[in-house]
Amino acid sequence: MIPPGKTIGILGGGQLGRMTGQAARALGYHFVVFEPQENCPAGQVADFEINASYEDEAALKRFADSVDIISYEFENVPASALRFLEDHKPIHPKPECLYICQNREREKNFLKENGFPCAPFAIIESANQLASALEHIGRASVLKTADFGYDGKGQVRIREDQAQPEYIWSSFDGERAVLEKWMDFEMEISVIVAANSNGETSCFPVAENIHTNHILDYSIAPARIEPHIAEAAQDLAKEIASKLGIVGLLGVELFLLRDGTLAVNELAPRPHNSGHYTIDACITSQFEQFVRAICGLPLGLVDLVKPVTMVNILGDAWSEGEPEFSKLLQTPDAKLHLYGKSQARPGRKMGHFCIFGPDANEAFQRAQELKAKL
Ligand SMILES: Nc1ncnc2c1ncn2[C@@H]1O[C@H](COP(=O)(O)OP(=O)(O)O)[C@@H](O)[C@H]1O
Ligand SMILES: [Mg+2]
């Protein structure tokens, strides 16, 4: 066990690191961030940040020497950095978990080999392979880069009537990709599961997720699904976390298909955007649970106190100057979170807010109304 008073080190300086740092500090931990770019969102709430490249072994050593335990909030930390750090300090979740989840090809193969349901897929390295995969998977599909994709980046949707694999492949930015069947889902949902080193596990309430332009827009909790489906989603998430050997958090994105079955979309071995609602609406937030799990503390209670909707605030909201946060702040039960990013770019996650309701429908309704006012 790494008790309060010790120092947690996080690789990656984005908002997930920032909110982890806030939770770590509330519990009395020290917090250090390693991030190539200075003045990062997580660095602003850390004891200090080390700004260096993930290849800089002297800086990695300095980081390892100043912390007691290491985790990551950024999915594209190079494997070499983790291998180096592993020799100096414990890392949770273990580097193998990140190695699998940071690459779609490895992630999909892991799911398939272990019998977890996911969309039919094929690995693509050439226009010829794409042509034949489109034949057997079906033309309605999505081509995703194997490495470094996030928020819909590196993805091309292929429609039923598109028939030019040569053209699609030559204009695709990437050497290796995964072609996935386009899933005609009823709903997107996600489960965040926590596991500590004592074998204790716990799932947060299932969130219902609405994406716009491939980026998460709303997360509604509880998801408006039947209890037995929620339970099946949580069981599936627990099984995947156990197969991966996660100590920490695993975010599992799922498609709920029209026949009531589930298919896994993506895995993230870290806090997840669809779990931000837990800060304001659950007894324990995903960030506190993350800290508890990696430090070997007992896990906290995850009960949802009140139905909630979380809305992402993207850089687009700055297109005509500063958004009107006063409207949001005038709503006494709206909870605003901004990540301290100085530059607003379209599609960039700048913050989020949460709003409540007597039930999920009303929380969602109120969230849409408030978002329109921003
Ligand atoms: N096979 C698919 N079928 C239907 N929708 C998909 C599929 N793959 C991705 N999407 C849509 O695009 C969104 C983003 O894709 P995802 O694979 O989760 O990438 P990212 O890493 O960008 O989150 C998903 O949440 C979903 O809305
Ligand atoms: Mg996703």
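Modeller: Gladly! Keep in mind that this is a predicted model. Let's start with one residue, Val252: setting aside neighbours within four places in sequence, Val252 is in contact with Ser190, Val191, Val193, Ala237, Ile240, Val264 and Leu267.

Colleague: Which residues touch the most other members of the largest nonpolar core?

Modeller: The general idea first: in soluble globular proteins, nonpolar side chains tend to be buried together. Here the largest nonpolar core has 102 residues, and those touching the most other members are Val191, Val193, Ala237, Leu250, Val252, Leu254 and Val291.

Colleague: How do I tell whether a residue such as Ala133 is buried or exposed?

Modeller: Count the other C-beta atoms within 10 Å: 20 or more means buried, 12 or fewer means exposed. Ala133 has 23 such neighbours, so Ala133 counts as buried. This residue sits in helix H6, residues 127–137, and, leaving aside neighbours within four places in sequence, Ala133 is in contact with Ala122, Ile124 and Leu179.

Colleague: Stepping back, what does the protein chain as a whole contain, in helices and strands?

Modeller: The protein chain has twelve helices and 17 strands. Its radius of gyration is 20 Å, close to the 21 Å from the globule rule for 374 residues, so the chain is as compact as a globular protein of that length. Of those 374 residues, 44% count as buried.

Colleague: Which domains does the assignment give?

Modeller: The assignment gives domain 1 (7–91), domain 2 (120–181) and domain 3 (185–373). The C-alpha centres of domain 1 and domain 2 lie 35 Å apart.

Colleague: Last one: which residues come nearest to ligand 1?

Modeller: Among the 15 residues around ligand 1, the nearest are Glu180, Met183, His211, His214 and Glu266. The shell divides into five nonpolar, five polar and five charged residues. Domain 2 (120–181) and domain 3 (185–373) each supply at least three residues to this shell.

Conventions
Residues numbered from 1 in each chain as written. Chains lettered and ligands numbered in written order. Predicted model: local features only at pLDDT ≥ 70, side-chain atom pairs only at ≥ 80, totals over all residues. Near = placed C-beta within 6 Å. Nonpolar A, V, L, I, M, F, W, Y, C, P; charged D, E, K, R; others polar. Domains from an automatic or database assignment. Helix = DSSP H or I, 4+ residues; strand = E, 2+ residues; numbered from the N terminus. Rg over C-alpha atoms; globule rule 2.2 N^0.38 Å. Core = buried A, V, L, I, M, F, W, Y, C linked by C-beta atoms within 7 Å. Contact = placed C-beta atoms within 7 Å.
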